[in-house]
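Hello,

Here is the structure I promised to pass on. Have a look at it first, and my notes follow below.

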Amino acid sequence: MFINLIDFPQFLVAFILSSYLYEYLSILYSVTQGADLSHVFCTKDAAAVIKSYSPELIVHPVLEESYSVRDDEKRAVSTKVLAEVARWMERFDCLVVGPGLGRDPFLLDCVGEIMKLARRSNVPIVIDGDGLFLVTNSIDLVSGYHLAVLTPNVNEYKRLVQKMLGSEVNDQDASQQLLALARSIGGVTILRKGKSDMISDGYSVHTVSIFGSPRRCGGQGDILSGSVALFLSWALQSSTAPGDSTTSLSNPMVLGCIAASALLRKAASVAFENKKRATLTSDIIEHLGQSLDDICPAC
C-alpha cells in the first residue's frame with residue numbers, strides 16, 4: 001500500500017501558497033523529506049519572517065491584501081500577481097493552497113485566479129485551511145479536477161457536506177457520505193481528517209487508523225498538506241494519470257494521501273511516547289525522518 005520512495009527521483013519542486021506563518025510547517029515537511037525546492041508566494045508583510053526560517057525557502061512576496069490596494073488599482077495588481085506566478089508555474093510539481101492564507105477578499109480573488117492557472121497547467125493542487133473556505137464558496141475552482149486533493153478537518157468537512165450534499169455529517173454512514181461528497185465534486189480526492197483518516201476519490205473509501213496520538217496539537221494539518229503534496233508528486237511520476245483506472249489504489253492522489261496520513265500518524269505516535277501531553281507539532285517534525293525510514297527504509 002505504501003509508495004517505495006527508493007524508486008522515485010528526488011527532484012520535487014513544491015509550490016506553497018500562503019500569506020501568514022503556519023505555512024512554514026507545510027514547507028518544512030516538503031523540504032526535509034525530499035523536496036529539492038520549495039517556493040513560497042506570500043504577502044510582503046510575511047516575507048521577511050518566512051525567509052528567516054530557513055535559507056532553503058525561495059520567497060516571492062507578491063500577494064496583496066485589500067488594505068494595501070485602492071479599488072481603482074485592484075485589476076492591475078491582480079494581473080501583475082497572476083503574471084508573476086505564471087512565470088514559475090511550469091516548474092512546479094505541486095501547489096499547496098491554504099495554510100495561513102487568511103480570508104481577505106482581494107487576496108482570495110487572486111488565489112482563485114492562480115488555482116485556475118494551475119488547472120490549465122495540469123499542476124496538482126492540495127487544498128487545506130483557508131483554501132477550503134475559498135473552495136467551499138467557489139466549488140467550480142476544483143470541481144471535476146482529478147488532480148485536486150482536499151484535506152478538511154471536522155468543521156471544514158461539515159461545511160462541505162452542507163454545501164454539496166445539503167445535509168448534516170452522518171458518522172453512522174461515514175464511508176458512503178464521503179464517497180458521495182467526492183463524486184459530487186467531480187472526483188476530487190478528499191482526505192477527511194479525524195480519529196481515523198478517511199480517503200476517497202469517488203470510487204472507493206480507504207481508512208488510515210494505524211499509529212496516531214491522543215494529543216492533537218495545532219499545526220499537524222499543515223504538516224499533512226505538505227506531506228500529501230510530496231507523496232502524490234512522487235506517485236504521479238511513476239503511474240498513469242488519475243482517473244484512468246477504476247481502482248482507487250491505482251490513483252496516485254489516493255496513494256499520496258494514504259502515505260502522508262500514515263507517516264504523520266507514525267511521527268505523532270513516536271513524539272507522544274517521548275513528550276506525552278507536552279507534545280508540540282515541532283516535536284512531531286523532529287521524528288518525521290526516522291518515521292519515514294521505519295516505514296520505508298532508504299537502504
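Gln-177 is buried, with a relative accessible area of 10% (buried means under 20% relative accessible area, with a 1.4 Å probe and protein chains only). This is a predicted model, in which local features need pLDDT of at least 70 and side-chain atom pairs count only at pLDDT 80 or more, while totals for chains, interfaces and linings use all residues. Residues are numbered from 1 along each chain as its sequence is written, and side-chain values use heavy atoms, with hydrogens and water left out.

Gln-177 sits in helix 7 (residues 174-184); helices are DSSP runs of H or I, at least four residues, numbered from the N terminus. A polar atom of the Gln-177 side chain lies 2.9 Å from the backbone oxygen of Glu-168, and the side chain also reaches the backbone nitrogen of Asn-170 at 2.8 Å.

Next, the core. The largest nonpolar core has 78 residues, of which Met-115, Val-142, Ile-185 and Val-228 touch the most other members. Such a core is a set of buried Ala, Val, Leu, Ile, Met, Phe, Trp, Tyr and Cys residues joined through side-chain atoms within 4.5 Å. Helix 9 (residues 252-275) gives this core its largest share, twelve residues.

At the start of helix 9, a side-chain oxygen of Asn-251 comes to within 2.9 Å of the backbone nitrogen of Met-253. After helix 9 comes Lys-276, with a positive phi near 55°.

Happy browsing!

Key:
Buried < 20%, exposed > 50% of the residue type's maximum accessible area, 1.4 Å probe, protein only. Helix = DSSP H or I, 4+ residues; strand = E, 2+ residues; numbered from the N terminus. Polar contact = N/O pair within 3.5 Å; in protein donor to acceptor, adjacent residues only side chain to side chain.
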